[in-house]
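Me: I'd like to learn how to read a few features off a structure. Could you walk me through one?

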Amino acid sequence: MTDQADIARRRRAIVVLLLAGAVTALFLGQLWASKSWLYERVLTARTVRAIGSIAKAAPLYVGAVYAARCVSQYDAGTTVRRAWIAMSAWLGCFAIGQTILAAHFFGSGREPPIPSIADPIYFIGYLCLIAGLVMIIGAYRASGFSVGRLREVVAIGLVSAAIFAAVGAPMLLPVARSHTPIAERIVNVGYPLLDLVVLVPTLVLLRIAARFQGGSVFRVWTAILLGIVFFTGGDILFADVSPEAQARLGPLVDLFFALGFLFSGYGARLQHSLLTE
Amino acid sequence: MTSLGRERLLAIIVRELSPLVGPMMAQASVNGMCAKLGLAPQVDAPQIEALLSAIEPGLNVFVGRTKARDAITKIRRGLDAAAEGG
């Protein structure tokens, strides 16, 4: 990497850290000091919602564009190329979903319905993410580099899947069997289920990424996987609490989503600079 | 490119790969490929080519076509310089 590219990369990292600090301060302030003058007069709930909507959607759009630009750096027909197409589709679907939710809220002044038109788009995004991560793992394993033994990958996958199934089933089965409308049940069960599924290849990839410490590849996956952990954490937190607690913990959920999308988009940007600079 | 001591060869390759994939991955992967190719302590030109041919497609997966090609070119330059230096 040239000195100039290195300086540019460091500058971008500083900007991302500053943005992460700013959204953290914004949402933690809302969580702990919602009755303060600042949050009653200046950073009203609507203003914070507007800033939050931009903070969530913008990195996703940027990430989708950069992930799409990564595709051309791989040969046609390769697994890794298909994986980056899927990663771009994931970020793009989430960006569109975020935009729909924000447009509904600011257009109608009401919370989006459950389910909303954004939900099938998010679901497609999740499937793209899962497919992308699985294909990346497959491509890395087939590379001939020492990314770890097959049995280790299988063991991490199976153990994490078993733990998530054991934790998720008692939580999600009652929701699935409840008397709420079927579309609402699909949304209520679908997101936590997809989060748990996403976490399985994420953990496998975390283990693989750890072997790249000290290299540019490590930075890419640290950012993307950290992003995934944050937004799945936000999703699980959002799904698993009562409406009262949701109202109380809302800023924390928003923070997790904002950080998750910021780091995910930044990871795609890092991958692009790794491939091209 | 003529023959080169295996340790010297590994050091040159690992030096170029480390900024991309990290020193641990570079060392372990190149060691593994050397073992798979059965490289002798003194590696001749065809064996060096075989090793570079094994590294490039794998590196392609991590850093893309252009960067992988650039890295292999740098390794070749490093190997040429080492061979000339004796």
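Predicted model: local features only at pLDDT ≥ 70, side-chain atom pairs only at ≥ 80, totals over all residues.

Me: How many residues does α2 of chain B have, and what does it reach from its first C-alpha to its last?

Reply: Compare the span with what 1.5 Å a residue would give. Helix α2 of chain B covers residues 23-37, which is 15 residues, and reaches 21 Å, close to the 21 Å expected.

Me: And what does α1(B) reach from its first C-alpha to its last?

Reply: With 16 residues, α1(B) reaches 21 Å, close to the 22 Å expected. Now check its axis: α1(B) bends by about 30° at R15(B), and the proline P19(B) follows within four residues. Its buried residues are L9(B), L10(B), I12(B), I13(B), E16(B), L17(B), L20(B) and V21(B).

Me: Which residue comes just after α1(B), and what phi does it take?

Reply: The general idea is that most residues other than glycine have a negative phi. Just after α1(B) comes G22(B), with a positive phi of about 90°. Likewise, α2(B) is followed by G38(B), whose phi is positive, near 65°.

Me: What about peptide bonds: is the one from I114(A) to P115(A) cis or trans?

Reply: Most peptide bonds are trans. The bond from I114(A) to P115(A) is cis, with omega near 0°. To find P115(A), go to the loop between α4 (79-108) and α5 (118-141) of chain A.

Me: Let's zoom out. How many helices and strands are there in chain A?

Reply: Chain A has nine helices and zero strands. The radius of gyration of chain A is 19 Å, close to the 19 Å that the globule rule gives for 277 residues, so the chain is as compact as a globular protein of that length. Along its principal axes, the C-alpha trace of chain A spans about 55 × 50 × 30 Å.

Me: How much of chain A counts as buried?

Reply: A residue counts as buried when 20 or more other C-beta atoms lie within 10 Å of its own. By that cut-off, 40% of the 277 residues of chain A are buried. For contacts, look at sequence separation: among those in chain A with a separation of 6 or more, 76% are between residues 24 or more positions apart.

Notes:
Residues numbered from 1 in each chain as written. Chains lettered and ligands numbered in written order. Helix = DSSP H or I, 4+ residues; strand = E, 2+ residues; numbered from the N terminus. Expected span 1.5 Å × (residues − 1). Rg over C-alpha atoms; globule rule 2.2 N^0.38 Å. Buried ≥ 20, exposed ≤ 12 C-beta atoms within 10 Å, placed from the backbone. Contact = placed C-beta atoms within 7 Å. Bend = angle between axes of the 7 residues up to and from the residue.
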